Amino acid sequence: MRKNKMDLLQGTLDLLILKTLELEPMHGWGITQRIEQQSRREFRIGPGSLYPALHRLEVQGWILSEMGTSENNRRARYYNLTPAGRKQLRTESTNWGRMSVAIASILEPTK
Amino acid sequence: MICKLWTRLVMRFHSRNVDDELNDELRFHLEMQINQNVQRGMSGENARRAALVDIGGLQQVKESCRDIRSIGWLNDLWQDLHHSFRSLAKRPGFSAIALLVFALGIGANTAIFSVLNAVLLRPLPYSDPSHLYKITCTNLANGCVFTEADLTVWRERTQVFEKISLVRSNRMFLSKVAEPEALLGLAVQRDCLSMLGTMPLIGRLFSDEDFTPASPRTVVIGYRLWLRSFGGERDILGKQITLNGDGFTVIGVMPSDFQFSSRQWEYWVPISGLASKSLGTPEVYSRAKKGTTRAQAQAEAETLSRMLFETSHNKVDRRAVAIPIQETVVASARPTLLLLSGAAVFILMIACLNVANLLYSRGAERSKEIAIRIALGAGRFRIVRQLLTESLLIAAFGGLLGLLLAGWANKLLIVLFSFKTGIPRLEQTSIDSRVLDFTVLLALMSSVAAGLIPAIEGSKVKLTECLNEAGRSAFGGIRSRRFRNLLIVCETALSLVLLVNAGLMLRSLYHLINDNRGFDGEGVITARLPLPAYKYSSGDRLTNSADIVKQVKLAYYWDILQQVKSLPGVQSAALVTALPLSVDEAKLSFDEFPNGVHFGAVSPDYFRVMGIPLIKGRTFTDKDDLNSLKVVIVNEFLASQIWPGQDPIGKRLGAVGTVAGVIANIKHQSLRAAPQPELLVPFLQSIGMSINALAVRAISNPQSMAIAIRQRIRDYQPDQPVELGTMDQLVSDSIAQPRFYTYLLAVFAGLALLLASTGIYGVVSYSVSQRQHEIGIRLALGAQHHDILREFMDRGLRDVVIGVVIGLAGALATSRLLSSLLFEVTPTDATTYILVCAFLFSWTLASMYIPARRAMRVDPLSALRCG
């Protein structure tokens, strides 16, 4: 788990976060849960990587945040995609797709 | 990008709030993690511990977030400024000196730039002046002019010029006021004033009806005339003033800063209705359509003039040239002002070198502090940036002080130099936004220029040597010594260039003031009496005979002269056509002298009053009148040209008369002009010109005498304008411009010398203090004091010599630029060069000797201990 976390490139983490926020706003904990769920427990993002990443995304203007109340009535910060963020998500997804196809074709040249 | 920056800025200012929220956020995450752990079966305590381990150190998370939030360079800059300020405040002596040096360097540049700005750069007070042109003829010498008829043709045909207008200078006499005056004004066509676009202060400009023959005559007056003769009363509008005996209704007053073609016009009248012979040479001005370039305007001017050439009868080549109006006013002042700016730049260079040296030395003392910071992890770039910020701070405050100094200097300049320097708009020198921008830019550039290399060098600290307890400064290495040598060489060279040029100008000024002028006008009162000629013109007066008019004029002035002579307190008085160095000039054309001969009619006492030495023959007497033999007096120059090597007395000079005497060459046009031929006739034998001036020598107190003279003339002729002055004033005005430039250059050279010598003093002094330890050792080992002294001096001497040599080359190159300004002094005047070199040499040697002597006084024991 820990080894995977460190191998994860920063840009890929951004991509995952943006994708997770595509459908609905979430708080930080919710994001880690969703990513863990959807990656079938492959990726477990710790708060030490998550929150700096969220801050970075916010500074770059791809996500917005505001304080709110969670399901169990606690104060939590909810994150939401901005239009610029949506566009960035589309771009990054396309790039990722292209890259993985390229890598795959190198690893299995006879395909 | 801006959005990103903005977000960061906002985040920075809300940082505390954001911190709290981050705390909450992380706490929430922690709780959820703990809950999950519990749900998965861990005990409460383990769940918590596991969650904490997971988070991996709350503080670090917060730090990383905070790092991302902080606005990188802006935050650092603020820190740097804060730190620099504190460290400069800890060393007030150093900071004060550096500040002062910068203040002098930047201040000098700001001062000269504000003059440059006022004279050359500021647009003239017209609307959209870049589209205004003066159209002149290229061969002016042959008297080529454009007439109103030409303009009528042009107006129809031109594609490029919206308006074309013609003006002619004009003189009229203002009477029926407390102080009758002869005024200089401009006769203009209808479009002229409106073409310039300046709105009148009150009233209106000319319209069509002012130009119809039947309508009453109107005039627009200038601001100074309005204040002077009409008390600045607004009810002047609609009133009539008497010009040349006729009534003119005032329809408008121009604003105080309005100026046109560099002469001070007092009034503007419609050109229609004025006799052509009372008007000066026509000048043509035009406004080009919006978007027209200078090249296009020039092409159009040529086309128009060629059109005239083709359709005219006499085939005179009158090629036109379109000059932008700003150039017509400022062009003459540009070269010298640029020269002075160059001098100011030299001063700044010296200042920057001095500050750089100071920073260098300071860097050496701080090497320990810097070493520690590097050891703690500061990057080299960060150190350089911080050191550079210090020099920026010094430059900022120095610039502020310099601005203040420049402001005072400007005020002083305006007070000392009256308007008579002939430099247009000099009195409008002030510190405006453009000057401020310039100063800011200069401060920035100076801080980088002075601070960059010391900052880079300062950051190259060898950790091991500096952190060593006994570590002496490893800083005074070869590089810094080379810098000190370079400083001495450069500053010596720069100051030499300025000093030589200033010296040449000073000598030139000395010659201007002291060379023989051909007269001695000290204490002579002058009274310019322009004749109200309209009273005596052959018009509808009793008789038209030119002879009678002449007699009347002569009698008129002769009577005035007798009146003045009879005043108590008058030693002697005389009449003269044109006083030397005044604006008046009378010329007679002569075969031998195509440019004309200076001509004057004088009364017999003239030579005595003006102290003009007689070289041969005799002066005029009362016996030389209308009925006696026509005589003339010539000056040496004329005599030597017409009768070289012979005795001119008794020779006939054409129809003018017989030569009765020879006088010295008098300077008429300016003190710089070469000798001109001059011809004088006795007043009573003259043709009755509008004799212009009285020259009076008083027995005592010229001031009260002048007032008495005016009163006497007024009593005799109430309408006669009397313009009082003194010969000393005329002389002073004629050298006002060279004096201005010379004094400025001299001040700059002095400033440069001051900065350079303090810089050199500092360099040597520092070098001495750095090497105390070494000196102590050598003294202990038996070296003599004067050996040490000589060694210090030798090094410096070599640098000074190199500097002087380079400076000489520079001076020779730059003094050539002065040649148009110098009088009786060549740019390679050996005496000046030798004197200046000797002076600078001894001065810099003194600057080195004094600190080097301290080296002699070093006590070996304490020097060894201090190591």
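In this predicted model, B:Ile135 has B:Val284 as its bridge partner in β9(B). That pair belongs to the run where strand β1 (residues 132-137) of chain B meets strand β9 (residues 279-288) of chain B, an antiparallel pairing joined by four bridges. β9(B) is also joined to strand β2 (residues 161-175) of chain B, again running antiparallel, through eight bridges. Here B:Ile164 picks out B:Ser286 of β9(B) as its bridge partner.

Chain A has a sheet as well. Three of its strands make up an open sheet, ordered β1-β3-β2, with antiparallel pairing. The edges go to β1 (26-27) and β2 (63-69) of chain A; each has a single partner strand, so one side of each lacks a neighbour in the sheet. Between β2(A) and strand β3 (residues 75-81) of chain A there are seven bridges, and the two strands run antiparallel.

Helix α3 (residues 28-38) of chain A and helix α4 (residues 47-59) of chain A bring their axes within 11 Å, crossing at roughly 115°. That angle makes the two helices, α3(A) and α4(A), roughly perpendicular. The crossing itself is right-handed. On the α3(A) side the contact is built from A:Gly28, A:Ile31 and A:Thr32, and on the α4(A) side from A:Leu50, A:Tyr51 and A:Leu54. By residue class, the contact of α3(A) with α4(A) has four nonpolar residues, two polar and no charged.

Helix α6 (residues 92-121) of chain B and helix α12 (residues 334-365) of chain B have axes that come within 9 Å and cross at roughly 165°. α6(B) and α12(B) are therefore roughly antiparallel to each other, and their crossing is left-handed. The residues in the contact of α6(B) with α12(B) sort into 24 nonpolar, four polar and two charged.

The other pair is helix α14 (residues 380-416) of chain B with helix α15 (residues 433-459) of chain B, whose axes come within 7 Å and cross at roughly 145°. This time the crossing, of α14(B) and α15(B), is right-handed. Their contact splits into 15 nonpolar residues, nine polar and one charged.

On the scale of the whole chain, the domain assignment of chain B lists domain 1 (2-70), domain 2 (139-318), domain 3 (334-514 + 736-866) and domain 4 (530-721). Taken over C-alpha atoms, the centres of domain 3 and domain 4 of chain B are 57 Å apart.

That leaves the interface between the chains. Here 21 residues of chain B are in contact with 19 residues of chain A. On the chain B side, at least two residues each are supplied by α1 (2-13), α2 (15-39), α3 (44-55) and α4 (58-69) of chain B. The largest share, eight residues, comes from α2(B). In class terms, the side of chain B that touches chain A divides into eight nonpolar residues, five polar and eight charged.

Key: Residues are numbered from 1 along each chain as its sequence is written. Chains are lettered from A and ligands numbered from 1 in the order in which they are written. This is a predicted model: local features need pLDDT of at least 70, side-chain atom pairs count only at pLDDT 80 or more; totals for chains, interfaces and linings use all residues. Axes are lines fitted to C-alpha atoms, for helices over the stretch in contact, and angles run from 0 to 180 degrees between N-to-C directions. Angles under 35 degrees count as roughly parallel, over 145 as roughly antiparallel, 65 to 115 as roughly perpendicular and the rest as oblique. A crossing is left-handed if the near helix is turned anticlockwise from the far one by less than a right angle, and right-handed if clockwise. Ala, Val, Leu, Ile, Met, Phe, Trp, Tyr, Cys and Pro count as nonpolar, Asp, Glu, Lys and Arg as charged, and the others, Gly among them, as polar. Domain bounds come from an automatic or database domain assignment. Two residues are in contact if their C-beta atoms, placed from the backbone, lie within 7 Å. Two strands pair if DSSP finds at least two bridges between them.
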